[in-house]
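Here are my notes on this model, for you to check against the coordinates.

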Amino acid sequence: MQHYCIYMISLQQVSKSFKENLALNSLSLELPEGEIFALLGPNGAGKTTTINLLLGFLKPDLGQILVKGVDPFRESSEARKSIAYIPENVNLYPHLSGVENLNYFSQLAGTNLSNTELERYLSDCGLQKGAFSKHTGSYSKGMRQKVGIAIAYAKKASVILMDEPASGLDPVASKELSQLIRKLADEGSTILMASHDLFRVKETAHRIGILYQGTLLQTIQADSVTANELEEIYLETVSQTL
Amino acid sequence: MKTILLNEWRIVARNRWFLFLGISLAAMLALSSYLGIQETKSLSILEQEASAHIREQWDNQGAGNPHGAAHYGTYLFKPSSSLTGFDEGVNGVVGKTIYLEGHNQNDTQYSEASQSVMASRFGKLRPSLILQLIVPLFLIFMVFSTVRQERESDRVRLLIIQGGDYQGIISGKIIFYWLAGTVFLGISLLVQVLMDTTALDSGTFLRMLLLFLGYSAFYYIICSLTAYLSANFRKTGTALSIMMAVWIIWGVFLPRITGNLAEQFYELPTRSEFSAQMKEDRSAGVDGHNAEDDKIEAIKDSVLRQYQVASVEELPINFDGILMQTDEDFGNKVWDKHFGNLYQVMDRQKTFAQASSIPNPLQSLQSLSMGLSGTDQKSHIDFLLKVEDYRRQFIKSLNDKHAFGGSKTGDWEWEIDQDFFRSMQDFSYQNRSMDELLGATWPDVAILLGWVVGCFFLIKSIRFQL
């Protein structure tokens with residue numbers, strides 16, 4: 001059932017524990033259409049747990065989660081229609097080409113695209129034409145991330161969840177990725193990305209939330225601070241809780 | 001589903017190792033099918049030639065004494081069913097040649113296992129061996145690999161978010177590899193059809209169809225179990241280790257354990273015990289060649305009364321022939337008693353083995369495969385019983401001719417024209433009918449079906465968990 005909601009992503013007082021460990025502590029977050037929100041925090045802060053909750057793979061212990069007005073755990077099939085997911089490592093089928101991978105993932109999403117359309121999506125996501133028909137086993141991580149974004153793009157997902165999407169990318173690839181994420185947001189997608197890369201987060205996101213030990217400590221407008229200021233705020237905020 | 005199947009096909013077709021393994025397996029199957037059929041054909045030709053030679057000797061023995069001919073006897077060969085090349089079953093160890101004579105019921109002899117070290121130690125390379133042990137192993141590795149890769153690469157989350165249903169993805173993979181298994185099966189059956197067109201009657205086609213269904217059911221079980229374990233265990237090695245253990249237990253240990261238990265619970269007498277008991281019971285009968293035998297007197301009195309004469313010399317028939325047949329009838333009763341008991345025990349052993357294969361569908365498949373190929377123990381016993389029926393008619397015809405063909409008692413030199421010997425019918429063996437086969441193999445079919453249904457629900461219960 002779709003609830004009326006002005007936010008594409010809404011988390012209200014969400015808590016999640018794994019046995020004795022509190023992974024998320026009363027997290028509240030609201031993302032309107034077209035926003036890029038970055039969850040910034042060290043390993044174990046609860047970023048991936050938040051993404052798994054939004055993907056519907058985990059059930060919150062407390063609180064309410066809505067993605068485009070739909071509870072992703074209870075109505076996972078419905079919610080996933082509007083969600084795309086880009087993991088830290090987009091593991092494609094290595095024996096298939098970029099075009100074939102995109103085609104397969106698009107078919108699973110119920111979209112049958114022509115070869116021209118598939119190539120256009122890959123091209124729009126920055127993949128070089130010469131790589132379209134090559135097996136993705138020979139792709140660099142950056143190229144695979146681009147195919148991952150093309151998969152999300154082709155799905156026309158209104159919500160895109162990214163878990164450390166730029167991790168391990170070289171600066172050029174990382175910058176290209178930021179531009180792509182911006183482009184997706186400009187076209188109306190709401191993006192929540194988890195990262196511990198301060199500089200990349202500052203470059204990409206509209207808002208940044210500092211998450212530490214499951215608690216959202218602070219939310220910052222990305223354009224209101226420089227990268228150095230963000231680093232200072234982050235370190236200061238985190239150290240205060242130690 | 002079509003999308004998942006097509007994707008799996010692309011992955012397999014483009015992986016050189018998978019392709020190499022698949023092609024090697026298919027070639028091995030085609031070769032074993034070819035060799036099996038060729039060997040069966042060659043053996044059949046040899047047997048036909050030998051049968052024709054024996055018949056020619058029989059027909060051209062000239063005029064002779066009928067009872068002398070009963071002692072001379074004849075040889076029969078167990079005909080190979082058209083699917084012997086597919087599944088050798090017990091044929092390699094029980095022998096195919098049987099000597100028929102008066103007074104004695106002989107067993108088959110000259111088994112291949114007694115003449116070949118390879119056959120006795122390893123069995124023969126037949127498609128059934130590859131389809132029962134090697135193809136499932138291949139399927140275990142393939143299904144394990146494809147399911148596990150999705151999980152370990154975390155691609156599975158991407159697939160699910162894209163709209164793929166986890167259970168549907170797993171089912172698609174199961175169906176793909178199950179189909180691959182049936183392709184291997186189809187190859188060996190196709191070689192059978194192409195190479196052995198003369199033997200392909202509707203009965204054989206039906207048997208092949210049931211073989212196809214039986215093996216297909218087993219491959220579904222193997223693929224489903226592997227997929228279920230691979231999808232549910234967090235540790236990679238655990239699922240594969242369990243499936244390997246299952247394969248070894250099903251293929252090596254359980255058949256031997258149930259076989260040994262069946263022998264313990266339903267014990268057969270040793271060969272020497274059995275022979276001694278037979279000999280003892282047999283000694284209570286008349287000795288047709290010994291006129292001093294006391295038991296002969298009672299029979300003589302009965303015959304004399306029947307013909308209303310005072311002595312055997314006055315009889316219009318040959319009393320010796322009657323004695324021979326009486327001896328034969330008694331021997332038949334002794335045979336029926338001892339072999340009847342023996343076959344009953346074997347039947348109980350078979351029933352026990354079938355029932356105890358509930359935890360082992362491979363055992364059910366093996367039993368079904370041998371049954372449908374006409375090479376199981378029951379088929380062998382069926383052959384022996386029909387041979388014994390023929391032997392009885394054969395010897396009775398000779399004894400009756402000796403008794404009522406015109407000779408007088410004590411006239412052992414009396415001879416009948418060779419036309420009589422030529423008029424005797426050859427032995428012709430028909431395999432068990434489909435009804436008989438289905439009656440004997442239904443427990444195997446039921447167990448396989450039960451497993452298929454169980455696996456179907458097992459797969460239905462799969463849920464993705466992080």
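**Notes on chain B**

1. In chain B, 83% of the contacts between residues at least 6 apart in sequence join residues at least 24 apart. Two residues are in contact if their C-beta atoms, placed from the backbone, lie within 7 Å.

2. This is a predicted model: local features need pLDDT of at least 70, side-chain atom pairs count only at pLDDT 80 or more, and totals for chains, interfaces and linings use all residues. Residues are numbered from 1 along each chain as its sequence is written, with chains lettered from A and ligands numbered from 1 in the order in which they are written.

3. Chain B has 17 helices and two strands (DSSP runs numbered from the N terminus: H or I of at least four residues, E of at least two). The C-alpha trace of chain B spans about 105 × 45 × 35 Å along its principal axes.

4. Helices α9 (residues 202-232) and α10 (residues 236-265) of chain B pack at about 150°, axes 8 Å apart. α9(B) and α10(B) are therefore roughly antiparallel (angles over 145 degrees, on a scale from 0 to 180 between N-to-C directions). From α9(B) come Leu225(B), Thr226(B), Leu229(B) and Ser230(B); α10(B) supplies Ala239(B), Ile242(B) and Met243(B). That contact has five nonpolar residues, two polar and no charged (nonpolar: Ala, Val, Leu, Ile, Met, Phe, Trp, Tyr, Cys and Pro; charged: Asp, Glu, Lys and Arg; polar: the others, Gly among them).

5. Which chain does chain B touch? 17 residues of chain B are in contact with 22 residues of chain A. On the chain B side, α1 (2-14) and α7 (155-161) each give two or more residues. That side divides into five nonpolar, seven polar and five charged residues.

Terms used
Parallel < 35°, antiparallel > 145°, perpendicular 65-115°, else oblique.
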